[in-house]
Amino acid sequence: MSKLKGVRIAVVGGGVFGLMTAIAAARRGAEVRLHEPAPTGHNASAIAAGMLSPAFEALESGSDPRLFAILNQGLDAWRALGAPWVDGDALGSGAIYAGFGDVQDISDVADALETLGIEHRILSGEAARALQPSLSRRVSSALIVPMEGRVDPAQCLPAMARELHQLGGRILPEAVPVGVGFELWRKQADAVVIAAGYASAAWAGQAPALVGLQPIKGHILHFSGGPKAGPVVRNGEDYVAPQRGGAVFGATMQTDCADVGIEPEQVQALHARAVELIPGLAEVPFSARAGVRAATRDGSPLAGALGGGLFAATGARRNGWLLAPLVAETAVAAIAGEATPHAAAFDPLRFG
Ligand SMILES: Cc1cc2nc3c(=O)[nH]c(=O)nc-3n(C[C@H](O)[C@H](O)[C@H](O)COP(=O)(O)OP(=O)(O)OC[C@H]3O[C@@H](n4cnc5c(N)ncnc54)[C@H](O)[C@@H]3O)c2cc1C
């Protein structure tokens, strides 16, 4: 019998971490209650591009082989998930790095991929456009990393909420109290999972490990047209993720900003770069959105026991979608008192 059969688990937050952790716990027979006060679409998970990008995200984080291994296992976990709401083709849609004439750019990226042992192929501009036809004609050289993938947050989040319902879990549209009110509230559950994104830091009074979370605000543009299929395109720190609803272009990295206000100058700069990469986006309507990522010092999330019946599932910086299955598995195993491969790397108490 599952160690979690009948265990009352309360999950704080209905982003990708909260939902995936709740589903993993409910599958093991736990009585799950998820608390989410915000309407659908109002969190980092909903505005995210949905890229599953171990290769380019490892490069973005300084080519740390340890981090690449974890990110890569995140992608494997998505492939093993076999959820009906995941588009299997998109998991292997690949990602192109596009260069504007500067061959050195491409060879630097190729060298970095080589160092991490990541399979890639150099492409001409024409060959890149054969894979992603909307790409600017000014792109003269490129490379493709076939292993990269993506999921569609707009499709996955409602489907995950439905799956949780089907498993007997409940979603309550109410905020969990912080401070003294929390002590009384938590008595209703045997285990409480804090999965409130950067807002998780509000429970640092009960769990000091959460005090180390750092906010990183991100602006992102959701177009109602543009590429809807094919590989993600990257250039420098920018990316275009094709999604069913339209192309998603991102994103800013505004360290130590925890608000979600839209800043017109950030939007204008993003839009100009989006049009440079995909000229057809110039005429496509878009909405600008902003969300807050929660980051830790070493780039790995916090998933596991915080002490006193509290557990964490938060802090994946730019890679919450990619790491969600691993975070959920690690957090739920910690509640069951089981060891998992990522327990040490994700241990919320690892910073002392
Ligand atoms: C612009 C941008 C682009 C991104 N692109 C990607 C990408 O392409 N690939 C990728 O892997 N990752 C990406 N990320 C990162 C990813 O979105 C996050 O790591 C991930 O969504 C974090 O999920 P979460 O569930 O921890 O937090 P959130 O999605 O922020 O969810 C937390 C939830 O907690 C709720 N909450 C807060 N306070 C309370 C309370 N008191 N009681 C109950 N609930 C509460 C909030 O309402 C919220 O819904 C991106 C992030 C941003 C900002």
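Ile9 has Val32, a residue of strand 2, as its bridge partner. The model in which this pairing is found is a predicted one. The bridge belongs to a parallel pairing between strand 1, residues 8–12, and strand 2, residues 31–35, and five bridges join the two strands.

Six strands form an open sheet with mixed pairing, in the order 8-2-1-9-17-16. The edge positions are held by strand 8 (170–172) and strand 16 (302–307); each has a single partner strand, so one side of each is left without a neighbour in the sheet. From one strand to the next, the twist averages 20°.

A helix accompanies several of these strands. Helix 11, residues 320–336, lies across strand 1, strand 9 (191–194), strand 16 and strand 17 (310–314). Relative to strand 16, helix 11 runs at about 25°.

In total, 38 residues surround the ligand, and the closest are Gly13, Gly15, Gly197, Gly218 and Gly320. Sorted by class, the shell comprises 20 nonpolar, 15 polar and three charged residues.

How is the chain divided into domains? The domain assignment gives domain 1, made up of 1–92 + 149–211 + 297–352, and domain 2, made up of 95–146 + 215–295. Both domains take part in the ligand shell, each supplying at least three residues. The centres of domain 1 and domain 2, taken over C-alpha atoms, are separated by 26 Å.

The contact between the domains can be described from each side. Domain 1 contributes 25 residues, which are in contact with 27 residues of domain 2. On the side of domain 1 that touches domain 2, at least two residues each come from helix 2, helix 3 (54–60), helix 4 (65–81) and helix 8 (153–166). Helix 3 supplies the largest share of this side, namely four residues. The composition of the side of domain 1 that touches domain 2 is 12 nonpolar, nine polar and four charged residues.

Key. Residues numbered from 1 in each chain as written. Predicted model: local features only at pLDDT ≥ 70, side-chain atom pairs only at ≥ 80, totals over all residues. Pairing = 2+ DSSP bridges. Axes fitted to C-alpha atoms, helices over the stretch in contact; angles between N-to-C directions. Contact = placed C-beta atoms within 7 Å. Near = placed C-beta within 6 Å. Nonpolar A, V, L, I, M, F, W, Y, C, P; charged D, E, K, R; others polar. Domains from an automatic or database assignment.
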